[in-house]
Every structure is written in C-alpha cells, then in structure tokens.
Amino acid sequence: MRRRPNWLAGLGSLVWLALVGLPLYVLLLATLRTRSDYSTEGPLSLPAEWTFDNYLTDLSNGFGQDFLNTLVVTASVVAIVLLLVPPLAYAIVRARGRTTGWVFRMFLLGLAIPAQAVIVPMFYVISKAGLYDHLIGVILPTAAFCLPVCTLVLTGAMRDITPELYEAMAMDGASPARVFRQLVLPLSRGGLSSVVVFAALQAWNGFLFPLILTQSDATKVVTLGLYEFQTEHGVDVPGLLSAVVLSMLPIFIVYLFARRALVQGLMGVGGK
Amino acid sequence: MTRAGRTGAGVTRPGFAWAAPAAVFFLLFAIVPLLLVAVLSFTSWDGITDPRFNGLDNWTGLAHDPVMLQSVGTTLLLTVLGVVTQTPISILLGVWAAGHQRNRAVLSAIYFVPLLLSATAVSVVWRAVLDPNFGVPSQAGWLFGDGNLLGTRAGAIGVLTFVGVWQFTPLHALIYQGGARAIPQVLYQAAAVDGAGTVRQFFHITLPQLRNTVITSMVLMVVGGLTTFDTVLILTQGGPGTDTTVSAYYMYQKAFKGFDFGAGSAIALVLVVVATLISLAVVRLSGYDRMRSSAEGL
C-alpha cells in the first residue's frame, strides 16, 4: 500500500521552492548583465543585454589562483579522510577492545566541537608549527574536523555487513587486513562515496580556517576570495555574484553526479 | 537482533592499531586545541609574543563587559529562533520528501541546493538580494517598507534567522527524510485500517517515531546556532551597533581584530562547554553510544 500524499507538507514544499528559487533567480540573472543595467533596472528584471563579461573579469582578477588553491585543499582533505576513516570505522565496528569504544565516543563528542571554539589555539598551534599562511596549515584542521561526521557515516555503512560474511572469511583463515580489503571496503562502497562527497563539500566551502590561518594572495581560497571581493568591491554586485556562481560550480557538478551518495550519507546521520 | 559479538569464536578482529592513526590525528588537531583553549583563557596573549598567565583577569573582564553579556543574550535568542523556525519546516519537508509523489525527486533536487553553497556564498547572495538600494526591497516597497532590513535590531535578527532557515533547513529535512523512511510501513497500514487520516497518522505515528531524529537534529541546530559566525561577519558585522554581535563573532573581534587572544579564548571556552554539555546529552538521549553493539546501522 502506498502512503497518501501529505497535502500540508506538499503546500509547504511549494512555498519552499519559491524561497529557494527566488535568490537563485536573482543570482543567475545578475551575473549575466552589466553593472549599470543591474543598478538601474533592479535585480528582478531581465537583462537588457546578456553578457559573460562578469565571469571573465572575475577569472582575470585572481579567482583562478583561488580556485587552484581550493582544489589542492579539497583533494588533500579527501585523501587524508580516505586514508584515516575506513580503518577507523572498521575498528569501531569490529574491534572488541575498550579503547576502541573510547575512540568512538571521542569522535561522537567531536561532532559537537565547533571550529570557532578551537580557532584561537589552532592559530597558536599552526603558527608554532610554522604552518601559518601555508595551505597545509588549512588542510590539516579541515580534515580533522571532517572526521567525526565521516566516521559516523562510514560506521553506519559498515554495520550493514552481516556477521555471516565475516565468519565465512574467518573459516578461510583471513587476517584482519584481508577481511578489510576483500570484504569491508568493497561492501561499504556506498558509504565511502558519501564520505568523499561530504569531505569535498566541507573542504570546498570551508571559510573559518582559511580566514584565520592564511593571509596572502598565494594561499587564498575561493570562499576567502568571495569575502574579500565583498568587502573591497561590494557595489559591483554582478561581479560579486558571478564569483559566487563560479565558487559553487565545481561542487554543483559533483552534486549532479553524486547527489544520491550525499543524500544517503546525510540521511543516515539522524539515527533511529 | 544480530550482535556483532555473537559471531563464532576464532574470528580474527582488527586491533586498536586500526583506529590509532585517525585517533592520534584527531587528538592533535581537535582535542589538543580544545584543551589549549582552556589554558589560553587564563593568559594574556597578543598573538605575537608568548602567552603569559594572568589568572582570572580575562574572566572578570568579560563578566563586567556589557557587550559580552549582550552577545550571550543575542546568541541564545538566535539559537532559540533557529530551532523554533527550522524544526517544523524541516520536519514537514523531510516527511513530505520521504513520500512517493511523482514530482518529489525533481523538487527535492532543487530544495537541497542551499546545502551546496558555502556560508560565505549564502551570506553574499542574501546581502545582495536584500540590499535596500539595489536589491529586491527597492522593487517591492509594498512588502519591505523603506527596505533597510539590516538597519534595525529586529530586522537584522529577523534576516539572520531567515537566512539560517534558508541555509540549514535542507540539511535537517534530509535527516528527517532518512528518519521518516525508516518508519515501518505496517504502522501506517494498521492506522489506515482503523480509519486514521493523514494528519492523525502524522501526529500519532510519524512524530513519535521521529523522536530520536528530532533530538539529533535539534542538537545540531543548537550547536550551529551557538556558533553562528560567517553570516554575522558578512551580513551585519555585528551591527547595527552591537545588536547582532553574537559570542562567536565577539570572540573573533576580541582575538583577531583586538589582539586580545586571552579574552577570545575565554569566550571560546564558554562555547565549548555549552556545546559539549549538549552533545553529551544527545549521546545519551539518542542512544548513539549504545549503537556500537547493534547491527542495525544508523
């Protein structure tokens, strides 16, 4: 039997569509018109003449370098997360030891540690380590703050592997490493792709760590570029909004292909 | 329920070594700074020379600082407003998205777009949309009056709350969608046999079954609300005056603009303690800590 549609929520969903749609409409149209057209005609009208100049100007104003930096940060964070989280999740799901239980509790607690709360000591640690204004100084804390949610998502996926499969492998005398390689990793592929998408999203959109831990143009990331654009050329709305569109373009492309992975991963965070 | 522990003897299990690299990494870059923030809150530190202990100076200073007290009030207000506005909307959207309507997949793909935007992008877009001279208010005076929404305390708080809804509802709706999908259909079938309508089913089955999801989601909202920062920095700069100077923003101002890192640490420690207490509460209430021995998954 199918559930009947929930009309109340259906109505609300249409209101929500308008709420999401309007700013996106303003955003996209504004980027395709000239600055003077935007200030005289207002954000809701169609462009008098369509232009891609805003995007080209942004790219020639150093946004390309910002992009490259963000790409490096994102790829590194994903790599670190992929290296650390699968073995961790495997241990959490399968190890019997008390220590592993404590480790899991530490990560659960970590879910609620906001980056703002540790930003002052992070500044201290990163400066002392000589990593201030280096991308690596942004990568390490960003990856660390990805770990709790990624761990939660991946342990969820690994718990779905039935004990019988482990027993079957144990019959063959498989070592933990072999079980991990031949059973756990292949069967948690869905969870792994959620983790990759989630970590990439976090790293790409990260703002606080770059804001505090970098200062030069050579290490500027996309979000920071947006923020500086806003403070320095705030009146050039079409230019600013084109930068917003550029900043979300890569993540939007990932979303188009990996929507299912992201959605499944986040749906699992709620618990039963 | 199958338990991981009931598998036959002789099954080789991974040792702690498998968890160690991630644990050490997390300790170094999250837990150690968390402990350091407590130490730094008892020091005077300008960010350049070495920190020097100064006892309770930062704490007594903050206790008598009117902006600090105001910021705590504003933070709590924004947090409560966030939970109150985001919870019902995300429950409705999430439950709706868990259904089987034909247009659901397409619509929910659009709904979740805010999820992809950085807080920076969200704030920049809304600032442009709401700009009194060039934004939507200049064209819809009937709705916005003189249009300078960010110029008054009530307006600025309202905008921050609204932008919070816009930004975070998709995430929570997704979490609720997951929760709603996990509700056994047989409960609805039984209720339908008894003649219960959609609304009754919602209040008597859906909501009670979502109890744990509500707790998890609310905690994420509270922690997010307590640490609101990016939107304040970009949309209001804490203004007008200090009307939207939330604690996280005040910490940033104190430490990184005023070079008083000791006072900044003290504010951060308050945030840590509150957030930790809430997270401990959720680990208990939601039963996350018991899930270790359950094979049900999340």
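**Notebook: chains A and B**

I started with chain A and counted 12 helices and zero strands. Helices here are DSSP runs of H or I with at least four residues, strands are runs of E with at least two, and both are numbered from the N terminus. This is a predicted model, where local features need pLDDT of at least 70, side-chain atom pairs count only at pLDDT 80 or more, and totals for chains, interfaces and linings use all residues. Residues are numbered from 1 along each chain as its sequence is written, chains are lettered from A and ligands numbered from 1 in the order in which they are written, and side-chain values use heavy atoms, with hydrogens and water left out.

**Chain A overall**

I noted a box of roughly 75 × 60 × 30 Å for the C-alpha atoms of chain A, taken along the principal axes. Chain A has 272 residues, and 60% of them count as buried. Buried means under 20% relative accessible area, exposed means over 50%, and partly exposed lies in between (1.4 Å probe, protein chains only). I then looked at contacts in chain A with a separation of 6 or more: 71% of them join residues 24 or more positions apart. Contact means heavy atoms within 4.5 Å.

**UniProt records**

For chain A, an unreviewed UniProt entry lists "domain: ABC transmembrane type-1" at residues 67–258. UniProt positions are given in the numbering used here, feature names are shortened, and annotations may be inferred rather than shown by experiment. I found that span to be 82% helix and 0% strand, with its end C-alpha atoms 21 Å apart.

For chain B, the unreviewed entry's annotation "transmembrane region" covers several spans, including residues 16–42 and 149–168. Residues 16–42 of chain B are 78% helix, and their end C-alpha atoms lie 36 Å apart. Residues 149–168 of chain B are 80% helix, with end C-alpha atoms 21 Å apart.

**Aromatic rings**

I searched the whole structure and got 26 aromatic pairs over all chains. Rings of Phe, Tyr and Trp (its six-membered ring) pair if their centres lie within 6.5 Å; planes under 30 degrees apart count as stacked, over 60 as edge-to-face and the rest as tilted.

Phe207(A) and Tyr227(A) have ring centres 5.5 Å apart and planes at 80°, so I logged the pair as edge-to-face. Phe207(A) sits in the loop between α9 (189–205) and α10 (208–213), and Tyr227(A) in helix α11 (residues 222–232), so the pair ties together parts of chain A 20 residues apart in sequence. Phe207(A) is buried at 3% relative accessibility. Tyr227(A) is buried too, at 14%.

In chain B I checked Phe42(B) and Trp59(B): the centres are 6.2 Å apart and the planes at 40°, so this pair is tilted. Phe42(B) is in the loop between α1 (20–40) and β1 (43–44), and Trp59(B) is in helix α2 (residues 57–63), 17 residues apart. Phe42(B) is partly exposed at 30% relative accessibility. Trp59(B) is partly exposed at 25%.

I also found a cluster linked by ring pairs, with Phe123(A), Tyr124(A), Trp45(B) and Phe229(B) among its members.

**Between the chains**

I counted 117 residues of chain B in contact with 111 residues of chain A. The two chains bury about 10,400 Å² between them, 74% of it on carbon and sulfur atoms. Buried area is the accessible area (1.4 Å probe) that two parts lose on being put together, summed over both.

How many salt bridges cross the interface of chain B and chain A? The rule finds one. A salt bridge is a side-chain nitrogen of Lys or Arg within 4 Å of a carboxyl oxygen of Asp or Glu. Lys128(A) forms a salt bridge with Asp50(B), with the closest N and O atoms 3.2 Å apart.
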